[in-house]
Amino acid sequence: MKKQIKLQDVLRMLNHFVVFFLLAGFVISCCTMLFVTILSNTLGVEMTKENISAAAKITFLNVIFLSLLFSVIDEIRRRIMISKPTKRIIEAGEKIMKGDFDTRIVPLKNNYAYENFNEIIECFNKMAAELGSVETLRTDFIANVSHELKTPLAVMQNYGTMLMQPNLSDEERVEYAKGVTLNSKRLAKLITNILKLNKLENQQIFPMTADYNLSEQLCECLLQFENVWEEKEIEIDTQIEDDVIINSDKELLELVWNNLLSNAFKFTDKGGSVKLLLSSKGNKIKVRVEDTGCGISPQTGKHIFEKFYQGDTSHALEGNGLGLALVKRVVDIMRGEINVESAVNKGTAFTVTLQRSATDGLEKMDE
């Protein structure tokens with residue numbers, strides 16, 4: 001490899017020498033001939049073969065000397081101004097390829113001489129930072145997915161082992177089978193949410209907008225949790241404006257309401273209350289889900305829309321940390337906003353603001 005590089009350097013230098021030789025030879029020959037002609041005419045001296053031969057030799061030697069001088073100067077310039085920064089960029093690129101995403105290139109000091117290289121270095125450093133963050137997210141995602149998949153599988157394996165024991169009572173058999181069923185549903189829900197979130201983030205799901213009654217949809221979503229609120233004796237307070245028509249994707253928004261209501265009931269203790277409010281004003285529609293649960297600390301509030309983040313680990317078995325990430329992505333796709341108000345041990349309120357018409361929301365974003 002080194003021999004090949006040296007051979008390339010020699011050929012490059014020879015090529016530069018030839019170029020400079022031809023250029024210098026042409027320029028010097030023209031200038032010399034012009035000078036000699038004018039001088040001979042002025043002095044009235046006749047040009048002899050000896051004079052012409054001597055002048056040609058001197059001119060040829062000057063051309064060779066100047067060509068060599070220009071070639072050396074150009075090679076030094078290239079090594080300092082081009083080869084050195086290029087080598088630094090190549091070495092940094094090789095480190096990136098090996099997985100060292102902390103690699104950064106220090107900008108060159110003489111910004112005027114290295115202006116273009118400093119622009120390349122700045123772009124390289126930004127690329128390295130982006131690759132580092134993507135790699136961190138990928139590693140965290142794989143670790144979190146592995147952990148979330150392992151937990152229900154381990155539980156199912158334990159229940160399956162217990163089911164194989166002889167002389168089990170019918171009661172025990174039903175209990176163990178119920179454990180397998182619940183954890184298999186949890187596993188299926190996790191995989192479904194991962195696939196949905198992946199499609200949403202990669203823009204493989206596009207909103208299918210149509211006019212529908214949002215008031216009815218919210219009531220239907222709330223009724224799905226009737227068994228939960230009756231079991232936990234949770235008080236339900238609804239303030240839903242009648243016949244609010246929205247032009248949006250019904251299935252995607254159903255995902256939002258189900259996740260918000262599910263969290264509200266999950267984190268509300270027995271005897272607490274959950275409120276569901278719907279109001280509209282002009283083209284804006286607001287949906288608010290309030291609970292009197294454990295609340296969210298300011299530190300946790302900064303991360304609640306991150307994938308697999310679970311601030312309250314006491315409820316970890318009831319979810320997988322993907323619900324709010326899905327909610328945030330759907331609301332963003334719908335060109336809406338979601339805000340969180342919470343206080344520890346007092347409760348949490350999620351407010352989703354949407355455009356009555358999805359088309360109007362898109363136009364607003366375009367402006």
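A helix here is a DSSP run of H or I with at least four residues, a strand is a run of E with at least two, and both are numbered from the N terminus. With that settled, here are some notes on the model.

1. **Ground rules.** This is a predicted model, in which local features need pLDDT of at least 70 and side-chain atom pairs count only at pLDDT 80 or more, while totals for chains, interfaces and linings use all residues. Residues are numbered from 1 along each chain as its sequence is written, and side-chain values use heavy atoms, with hydrogens and water left out.

2. **Confidence.** The predictor's confidence in each residue, pLDDT, runs from 0 to 100. Its mean over the protein chain is 77, and 67% of the residues reach 70 or more. Residues 1-5 have pLDDT below 50 and, beyond near neighbours in sequence, zero contacts in the model (a contact means heavy atoms within 4.5 Å). Residues 312-320 are also below 50, but this stretch has 18 contacts beyond near neighbours in sequence.

3. **Overall make-up.** The protein chain has 10 helices and seven strands. Of its 367 residues, 32% are buried; buried means under 20% relative accessible area, exposed means over 50%, and partly exposed lies in between, with a 1.4 Å probe and protein chains only. Among contacts between residues at least 6 apart in sequence, 73% join residues at least 24 apart.

4. In one of them, Lys126 pairs with Glu122, with the closest N and O atoms 3.7 Å apart. These two are four residues apart in helix α3 (residues 115-163), which means that about one helical turn separates them. Lys126 is exposed at 53% relative accessible area, whereas Glu122 is partly exposed at 45%. Helix α9 (residues 323-333) holds Lys328 and Asp332, again four residues apart and about one helical turn from each other; their side chains meet at 3.0 Å, N to O. Lys328 is partly exposed at 27%, and Asp332 is partly exposed at 31%. As background, an α-helix has 3.6 residues a turn, so residues three or four places apart point the same way.

5. Which residue forms a salt bridge with Glu341? The partner is Arg288, and the closest N and O atoms are 3.2 Å apart. Glu341 belongs to strand β6 and Arg288 to strand β5 (residues 284-291), so the pair ties together parts that are 53 residues apart in sequence. Glu341 is partly exposed, at 46% relative accessibility. Salt bridges with shared partners join Arg288, Glu290 and Glu341 into one network.

6. **Helix α5.** Over residues 214-223, the buried residues of this helix are Leu214, Ser215, Gln217, Leu218, Cys221 and Leu222. Seen down the axis of α5, they fall within an arc of 165°, so they line one face of the helix; the arc is that of the directions from the helix axis to the C-beta atoms. At the start of α5, a side-chain oxygen of Asn213 comes to within 3.0 Å of the backbone nitrogen of Ser215.

7. **The β6-β7 loop.** Val344 sits in the loop between β6 (337-343) and β7 (347-355) and is partly exposed at 46% relative accessibility. Leaving aside neighbours within four places in sequence, Val344 touches Cys294, Gly295, Ile296 and Ser297. Between Val344 and Ser297 the C-alpha to C-alpha distance is 5.8 Å, although they are 47 residues apart in sequence. Asn345 is in this loop between β6 and β7 as well, and is exposed at 65%.

8. **Positive phi.** Most residues other than glycine have a negative phi, and most peptide bonds are trans. Asn345 has a positive phi near 70°. Asn167, in the loop between α3 and α4 (170-201), also has a positive phi, about 60°, and is exposed at 79% relative accessible area.

9. Beyond neighbours within four places in sequence, Thr353 is in contact with Lys284, Ile285, Lys286, Gly336 and Glu337.

Note on methods. A polar contact is a pair of N or O atoms within 3.5 Å; within protein, one must be able to donate a hydrogen and the other to accept it, and residues adjacent in sequence count only if both atoms are side-chain atoms. A salt bridge is a side-chain nitrogen of Lys or Arg within 4 Å of a carboxyl oxygen of Asp or Glu.
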